[in-house]
Amino acid sequence: MPLFDEEREELRTGASLAAFSSALFLVVGVIWGFPWQMVLLLVVVSVAVAGLITAMSLPDARRDALRRAASRDTLIAWAGRNGWRYGTELADFTTDGKGWELPESAVSGGQLLAVGRRDGVDVGISCFTELWGEAGVAWRTAVLVRLPEERPPTRLRRREIRQLDLPQEVESVKIDGRELSVRYEGWPVTPLWLDSRVDAAVRLAASLPNA
């Protein structure tokens, strides 16, 4: 089974950790005059610990890589069905003058991006990760809907969000200028998941009263 880039990175990190700890114990052993048997034991233990840490992290790296691959394929398919394009860099959508230029403030940090037209309105999608808690990573998807007119900045409270006809995974809803942004927990791994979240954001934009 071929390795993903994330797995290769974990293996490189484990190898670097093993090499660094082994070199450290060798230097300390020489400086302090430890018996070579003790130095060898410390080196073996450090290599084993580095290998164990790497082995424990590899399943998470593969799971994350599979999630990225599934989300990439989902966004490419969505962009193809909805008449626009997919990319991994914001510059892909802001330098050629074609179509809607995604607002940098709304998609900053996006790792997977797509734009298209849904029910006659411009829609942008940004998949990104952010730190969550002390050592966790949260996966987020932002759906942006282009509004027909400028609106004052607005951010809905949790109580207001619960009153809307939106999926349970909604994390935030805000309006900034001509963009409605609905952020969801998770990344799109199936077309049905993505279509339902995009359609919910488009319906919400259509239901907004005139400014």
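Helices (H or I, at least four residues) and strands (E, at least two) are DSSP runs, numbered from the N terminus. By this rule the chain has five helices and five strands. The legends below describe a predicted model, in which local features need pLDDT of at least 70 and side-chain atom pairs count only at pLDDT 80 or more, while totals for chains, interfaces and linings use all residues. Residues are numbered from 1 along each chain as its sequence is written, and side-chain values use heavy atoms, with hydrogens and water left out.

**View 1. The whole chain and its order of elements.**
Starting at the N terminus, the elements follow one another as α-α-β-α-β-β-β-α-β-α. The chain has 211 residues, of which 37% count as buried. Buried means under 20% relative accessible area, exposed over 50%, and partly exposed in between (1.4 Å probe, protein chains only). Accessible areas come from the Shrake-Rupley method with a 1.4 Å probe; for residues, only the protein chains shown count as cover. Among contacts (heavy atoms within 4.5 Å) between residues at least 6 apart in sequence, 57% join residues at least 24 apart.

**View 2. The antiparallel sheet.**
Five strands in the order S1-S2-S3-S4-S5 make up an open sheet with antiparallel pairing. The edges are strand S1 (85-87) and strand S5 (170-185); each has a single partner strand, so one side of each is left without a neighbour in the sheet. On average, neighbouring strands of the sheet are turned by 25° against each other, direction ignored. Two strands pair if DSSP finds at least two bridges between them. S1 and S2 run antiparallel and are joined by three bridges, and Arg-85 stands opposite Val-115 in S2.

**View 3. Helix H5 across the sheet.**
Helix H5 (residues 191-207) lies across S2, S3, strand S4 (136-155) and S5, and runs at about 140° to S5. For such angles, axes are lines fitted to C-alpha atoms, for helices over the stretch in contact, and angles run from 0 to 180 degrees between N-to-C directions.

**View 4. The loop at Asp-119.**
Asp-119 is in the loop that links strand S2 (112-118) and strand S3 (121-132). Its phi is near 55°, a positive value in a residue other than glycine. Asp-119 counts as exposed because its relative accessibility is 67%.

**View 5. Glu-171 and its surroundings.**
Glu-171 is placed in strand S5 and is buried, because its relative accessible area is 19%. Leaving out residues up to four places away in sequence, Glu-171 touches Glu-130, Arg-140, Arg-158, Ile-161, Arg-183 and Tyr-184. Glu-171 and Glu-185 are 14 residues apart along the chain, and their C-alpha atoms are separated by 6.3 Å.

Side chains of opposite charge can pair when their charged atoms come close. A salt bridge is a side-chain nitrogen of Lys or Arg within 4 Å of a carboxyl oxygen of Asp or Glu, and the whole structure has 13 of them. One of the salt bridges joins the side chains of Asp-195 and Arg-81 (2.8 Å, N to O). Asp-195 is in helix H5 and Arg-81 in helix H2, so this pair ties together parts that are 114 residues apart in sequence. Asp-195 is buried at 15% relative accessible area, whereas Arg-81 is partly exposed at 44% relative accessibility.

Arg-197 forms a salt bridge with Glu-169, with the closest N and O atoms 2.8 Å apart. Since Arg-197 lies in helix H5 and Glu-169 in the loop between helix H4 (158-162) and S5, the pair ties together parts that are 28 residues apart in sequence. Arg-197 counts as buried at 11% relative accessibility, and Glu-169 is partly exposed at 25% relative accessible area. Through salt bridges that share partners, Arg-81, Arg-118, Asp-195 and Asp-199 are joined into one network.

**View 6. A nonpolar surface patch.**
Leu-17, Leu-41, Val-45, Val-49 and Ile-53 form a nonpolar patch on the surface, together giving about 420 Å² of accessible area. Patches are made of residues with over 30% relative accessible area and no salt bridge; like charges are joined within 9 Å, and nonpolar side chains (Val, Leu, Ile, Met, Phe, Trp, Tyr) within 5 Å. Helix H2 (residues 36-81) supplies the largest share of the patch, four residues. Leu-41 is in helix H2 and counts as exposed at 53% relative accessibility.
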